[in-house]
Amino acid sequence: MSRATAQAPSNIAFVKYWGARDLKRALPYNPSISMTLANCVSRSTVEVLPDGAPDQVLLGGDSGELSLAPAAFADRVCQHLVTLRAETGTQGGFRVATKNSFPTGAGIASSASGFAALTLAVTAALGLDFSDEELSILARRSGSGSAARSLMGGYVELPTGIVASDGNSETASSEDSLSFSIQLADADHWDLRDVVAIVETGPKEISSLEGHKRSLTSPYYPRRQELLAQRLHVVRQAIAERSFSALGPVLEEEAIDLHLIAMSSRPPVFYWNPATLALLSTVRTLRDEGLPAYSTMDAGANVHVICEPEHEPEIARRLIAVRGVRRIIRDRVGTGPRLDVEPLF
Ligand code: DP6
């Protein structure tokens, strides 16, 4: 039976995907831009089973053992396998094992890296040769928009795929085939670091999916869309010019904005806890002391502090001392997915 193993990284967004035209296929309302990480990765081994065989979803443990995945996790994986079978015109079942480099319950989102690794491993096991752009579309169709960006290294943009055929935005439609990831710059272009302060280790109460749904009810959502064009422009340019002083303020403003939308959604979504606020304050203090550091957050309470390499050790030292911080994960911009990795079975 044919088998393949893929490894794909997580990513941290500088401009956030929040709100979708089509949640099932994660067709976003706005473009997002992220930095692909190096150390927080998922590995997925996939074996093609005979036609009609049921899918099997396993989790890899620390000492190499495999166990059956919990139902909620297995269901999401199986759903994506159904999509991938339809997209590739295959009938076989799949035996899938997944393992994250970061400890389960570390509070690091694994769906981006997990679905990117799964998509790559399935297509490789089937012997199909897709471009990175095509793979990003397939990964996005898992329903995890951030997974699309994890198919490439460095700095990556996921456009909306929105086209206004007659130039009229009223009649604009989303083209699924046009929302594929684009690499803005590779990892060698700019060595940025992400010091992640973990303050919450359990699964979040409100999923990203639910947050995306509710975002459209925020009275500030339309204003956010207006502000995004300028922010996207600044972030693209800051990356091109490696200007940390241009990038930092926008990435922090953008994260606050995402949470402002969440908190003003109906019903509201609060992802922060007291330690989140303490960290945001610490990062501002670090800047007052002359240390360039900017914070960003996904749909959760953990704080990612983006910085340049020379400031990383001091920033990590200061963040671990903040009350409520359980651990620090030090990561950096990474080169993207790989197929030359050790199989899980
Ligand atoms: C706040 O729908 O990609 O991280 O599937 O749960 O990982 P998951 O989330 P997804 O939404 C991502 C939301 C975000 C912002 C971002 O990464 O762009």
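Reply: The protein is divided into two domains, domain 1 covering residues 3-188 and domain 2 covering residues 191-332, and the model that shows them is a predicted one. Taken over C-alpha atoms, the centres of domain 1 and domain 2 are 23 Å apart, and the contact between the domains draws on 31 residues from domain 1 and 43 residues from domain 2. About 3,100 Å² is buried between domain 1 and domain 2, and carbon and sulfur atoms give 68% of that area. On the side of domain 1, Phe14, Lys16 and Trp18 supply 29% of the area that this domain buries against domain 2, which is more than any other three residues supply.

The ligand belongs to this setting: it lies between the domains, because domain 1 and domain 2 both give residues to the shell around it. That shell holds 16 residues, of which Tyr17, Ser111, Ser146, Arg149 and His212 are the closest. Sorted by class, the shell has 5 nonpolar, 7 polar and 4 charged residues.

Taken alone, the ligand exposes 450 Å², and the protein buries 92% of that. The elements that give two or more residues to the shell are helix 4 (145-149) and helix 5 (208-215), and helix 4 gives the most, with 3 residues.

Two backbone details may also be worth a check when you inspect the model. Most residues other than glycine have a negative phi, and most peptide bonds are trans. Ala26, a residue other than glycine, has a positive phi near 50°, and its place is in the loop between strand 2 (20-22) and strand 3 (27-28). Arg266 and Pro267 are joined by a cis peptide bond, with omega at about -5°, and Pro267 is found in the loop between helix 7 (244-263) and helix 8 (274-288).

Conventions. Residues numbered from 1 in each chain as written. Predicted model: local features only at pLDDT ≥ 70, side-chain atom pairs only at ≥ 80, totals over all residues. Heavy atoms only, no water. Near = heavy atom within 4 Å. Areas by Shrake-Rupley, 256 points an atom, 1.4 Å probe, with all protein chains shown as cover. Helix = DSSP H or I, 4+ residues; strand = E, 2+ residues; numbered from the N terminus. Nonpolar A, V, L, I, M, F, W, Y, C, P; charged D, E, K, R; others polar. Domains from an automatic or database assignment. Contact = heavy atoms within 4.5 Å. Buried area = accessible area lost by both parts, 1.4 Å probe.
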